[in-house]
Amino acid sequence: MQATYLGKLEKGRPKGFVCVRIIRKWTVKENMGQRVPLYVGLVLADARGDAMYAEIPQEIIHTLDPLLEVDNTYVISKFRVNPAKACYKPFSGHLMIEFTEFTSIKLSENVPPTFPKYIYALTSFDKIVPAQGPVPILTDILGYITKYTSATSVTPKGKERTSILREIFVKDMSDNELKITLWGDHAINFTIDHLNNQENPKAVIALFVGFIPRKWHSHYAEHKPYLSGSSGSNYYLNPDIQEALPFYKRFKDEPMYIERPPPSEDNISAQPQDTPLAEKTVAELNAIDPYEFPDEGYKCTVTVTHIPDNISWWYMSCKPCKKKMDPQAAGGYRCPKCYGTNALPRYLLNFFAEDETAEASFFAYDDVAKLMVLKDCDLILNPLKVASGLSLPLQSIISKKFTFSINLTEDSFSTRSKRQYLVKHILERSDRRQSALYLTGSGSNTQPALTISTTSARPQTSIQIPDTPQINQEVLQIAGTSESTPAPIIDSEKTPTKDHKNESSVPVTTARKRLFEEENVIDKESTGAQDLDAQTAGGDNLMDLTDPPPPAKTKRPKYKAPK
C-alpha cells in the first residue's frame with residue numbers, strides 16, 4: 001500500500017494508508033437514559049501539518065477506541081473518507097474520516113519530529129458570535145487567565161442529572177475579557193497551582209479549543225458572548241505556539257496574581273448525581289390541579305399516537321430572534337421585533353400521546369421537536385410549496401415511545417378542555433441509537449470561515465513514512481483533559497508572523513445577548529421560562545452544556561397568539 005497525506009485524500013475508500021498523530025480524542029454520549037456512547041471524535045494530523053476530523057462509529061467503539069491514545073502516532077488504513085458533518089466540527093473542512101470494522105491501526109515507532117502538537121483555528125474575542133442553533137464550527141481562543149471560580153454543581157429544571165461547572169476568565173492582548181465555562185471532568189481537574197502561586201507569580205497563557213459560543217445572560221454584560229465547553233473541548237496551559245509569544249514577552253518580568261477560590265471551597269469530590277423527577281402516568285397527570293403542578297414538572301413515558309392536521313406544525317420565524325415573521329406584499333418576510341428579513345421555518349409541534357392509562361395533548365417548541373423528528377424543520381419543508389398532509393419525517397415519530405420531562409402550557413390554567421403538556425426535554429426514546437447530534441444544521445454557512453493553524457515544536461521537514469510499523473496490542477488509556485508545559489524560551493529572531501489573509505470579516509452582531517433559551521414565538525409555558533438551554537444543559541454532550549439559570553420570574557406569562 002502507498003502512503004498519502006491527509007490533504008491528498010478524496011471521498012471514497014483510499015487504497016493506501018496515512019501516518020497520523022492523535023491530537024485530541026473525545027467520546028460523545030447521548031443526552032438520554034444511560035448516556036450511551038454515540039461515537040468517538042478525533043483530530044488527526046500528519047507530518048506535513050495537514051489535519052482532519054475522524055469518527056469511530058458506535059458499533060465499533062469497544063474494538064477501536066482502546067487502540068488509540070492521544071499524542072501517539074499510528075499508521076491507519078482501510079477507512080472511509082466521507083463529506084464532513086454539517087455542525088460541531090473542530091475546524092473547517094469538507095471531508096472527514098470514518099473508521100470501519102476492517103480499519104487497521106498500527107502504532108508507529110519511528111516517528112519523525114515534524115508532527116504538530118496542537119491543531120487550532122484562533123478566533124479573536126471581538127469576532128465571537130453567539131450561536132443561533134447548531135454550531136457549524138467550534139471556537140478556539142488564546143488568552144491569559146485572570147481568575148477562575150470554584151467547581152459548582154447545578155441541576156437544570158426538567159433534567160435528572162447534575163452537572164459540575166467552573167468559570168474561567170481570560171483576557172487577550174488588548175485586555176478584552178471573555179468568560180469560559182468548563183464542565184464535568186474539565187471543571188473538576190482544572191488547576192494552575194503548579195504554574196502560578198505566591199512563590200512563582202507567573203502569568204498563565206491558555207489555549208482553549210472546541211468551545212461553543214453562547215449568550216452571556218448578565219445584567220452588567222448584556223452584549224458579551226461567552227464560551228461553553230463541549231464534548232470535544234480541551235485546553236492547554238502555556239502552549240508552545242507562535243501566537244502565544246507576544247503574551248510571554250509582555251509578562252516575562254511582570255508578576256501576575258490570578259484570583260482563585262480558597263482550597264476549602266474548591267474540593268469537589270462528588271461526581272454528578274442523578275436527581276430523578278417524579279414519574280406519573282397520563283391519568284395521574286390529568287388529575288393534578290394545574291395550580292399544584294411543581295415548577296420542576298414531572299416525567300412520563302408515552303407513545304405518540306397522532307399529529308393533528310388541522311393545526312400548523314411550523315411557522316416562519318426570524319432567524320436571529322425566533323419571532324413569527326409577517327409576510328410582505330412585495331414578497332419575503334419581515335420581523336415585527338427586530339425588522340430583520342432573514343427567515344427560517346421552525347417547528348411548533350402539537351401532538352397526542354398515550355400510555356396504558358390515558359391519552360393527552362402535548363406541545364413541543366422547535367428545539368425539542370427537532371430532537372424528536374431528528375431533522376431540522378427547513379429540511380423537510382418548502383415554504384414556497386407546502387404539501388398537504390404530514391411529511392414522512394413527521395409520520396415517522398408516530399408510534400415511537402418517549403420519556404419526556406413535562407410542564408403545563410399557559411392555556412392549561414384556564415379550562416380542562418385546553419389542558420396541554422409542554423415537553424421540556426427528552427429523557428429517553430425507544431430508538432436510542434439515533435441522535436440529534438447528527439442533525440444537519442440549517443445555518444452551517446453563517447459561521448466565520450477559519451483557517452487551521454498548526455504548530456510543531458520542531459521545524460518542518462520532509463519525511464519518510466515507515467512501511468513496517470509495530471502493531472499496538474495494548475489497551476491504552478485516554479489521555480488527560482489538559483496538557484501543561486512551561487512557558488517556552490522566547491527568541492525574537494525566530495518569531496514567525498501569523499497570516500491574516502483568511503481571517504473572517506463577519507461583523508459582531510448587536511442583538512441582545514441572553515444565556516438561556518431565546519424568547520419563544522408563543523409563550524405556552526407557565527413556569528419554565530428561565531430553564532437551562534436544552535442544547536447546552538448537561539455534562540458530556542456537545543449539545544448539552546451551559547451555565548446555571550438566572551433567578552426564576554414569579555410573574556406568569558399570558559398566552560397570546562404570535563404576531
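## Surface and overall build

The protein exposes about 26300 Å², and 49% of that comes from carbon and sulfur atoms. Accessible areas here come from the Shrake-Rupley method with a 1.4 Å probe, and for residues only the protein chains shown count as cover. Before going on, note that this is a predicted model: local features need pLDDT of at least 70, side-chain atom pairs count only at pLDDT 80 or more, and totals for chains, interfaces and linings use all residues. Residues are numbered from 1 along each chain as its sequence is written, and side-chain values use heavy atoms, with hydrogens and water left out.

So how much of the protein is tucked away? Of its 563 residues, 54% count as buried. Buried means under 20% relative accessible area, exposed means over 50%, and partly exposed is in between (1.4 Å probe, protein chains only). As for secondary structure, there are seven helices and 25 strands. These are DSSP runs numbered from the N terminus: helices are H or I with at least four residues, strands are E with at least two. Now take the contacts between residues at least 6 apart in sequence: 72% of them join residues at least 24 apart. A contact means heavy atoms within 4.5 Å.

## Strands 1, 2 and 3

Let's zoom in on strand 2, residues 37-45. Eight of its nine residues are buried, so the strand is mostly covered. On one side of the pairing story is strand 1 (residues 17-29), which runs antiparallel to strand 2 and is joined to it by eight bridges. Strand 3 (residues 51-57) is also antiparallel to strand 2, with seven bridges between them. The rule for pairing is that DSSP finds at least two bridges between two strands.

Which residue stands opposite tryptophan 26 in strand 2? That is glycine 41, and glycine 41 also stands opposite glutamate 55 in strand 3. Strand 2 and strand 3 form a hairpin with five residues between the strands, where glycine 49 takes a positive phi near 95 degrees.

## Rings that pair up

There are 18 aromatic pairs in the count. To pair, rings of Phe, Tyr and Trp (its six-membered ring) need centres within 6.5 Å; planes under 30 degrees apart count as stacked, over 60 as edge-to-face and the rest as tilted. One of these pairs is phenylalanine 293 with tyrosine 421, which is tilted, at 6.5 Å centre to centre and 35 degrees between the planes. Phenylalanine 293 lies in the loop between helix 4 (282-286) and strand 16 (298-306), while tyrosine 421 belongs to strand 23 (residues 421-429), so the pair ties together parts that are 128 residues apart in sequence. Phenylalanine 293 is buried at 8% relative accessibility, and tyrosine 421 is buried too, at 1%.

Another tilted pair is tryptophan 313 with tyrosine 347: 6.1 Å centre to centre, 35 degrees between the planes. This pair also links distant parts of the chain, with tryptophan 313 in the loop between strand 16 and strand 17 (314-318) and tyrosine 347 in strand 20 (residues 343-354), 34 residues apart. Tryptophan 313 counts as buried because its relative accessibility is 10%, and tyrosine 347 is buried with 0%.

## Charges over rings

Lysine 147 lies over the face of phenylalanine 169, at 4.7 Å from the ring centre. Likewise, the charged end of lysine 179 sits over the ring of tyrosine 226, 4.8 Å from its centre. The rule asks for NZ of Lys or CZ of Arg within 6 Å of the ring centre and within 35 degrees of the ring normal.

## A buried valine

Where is valine 368? Look in helix 5 (residues 366-373). Valine 368 is buried, with a relative accessible area of 7%. Leaving aside its neighbours within four places in sequence, valine 368 is in contact with Val423, Lys424 and Ile426. The C-alpha atoms of valine 368 and leucine 348 are 9.8 Å apart, and the two residues are 20 apart along the chain.

## Two positive phi values

Most residues other than glycine have a negative phi. Asparagine 238 is not a glycine, yet its phi is positive, about 50 degrees. Asparagine 238 lies in the loop between strand 15 (234-237) and helix 3 (245-250), and counts as buried at 4% relative accessibility.

Tyrosine 339 also has a positive phi, near 65 degrees. Its place is in the loop between strand 19 (333-334) and strand 20. Is tyrosine 339 buried or exposed? With a relative accessible area of 52%, tyrosine 339 is exposed.
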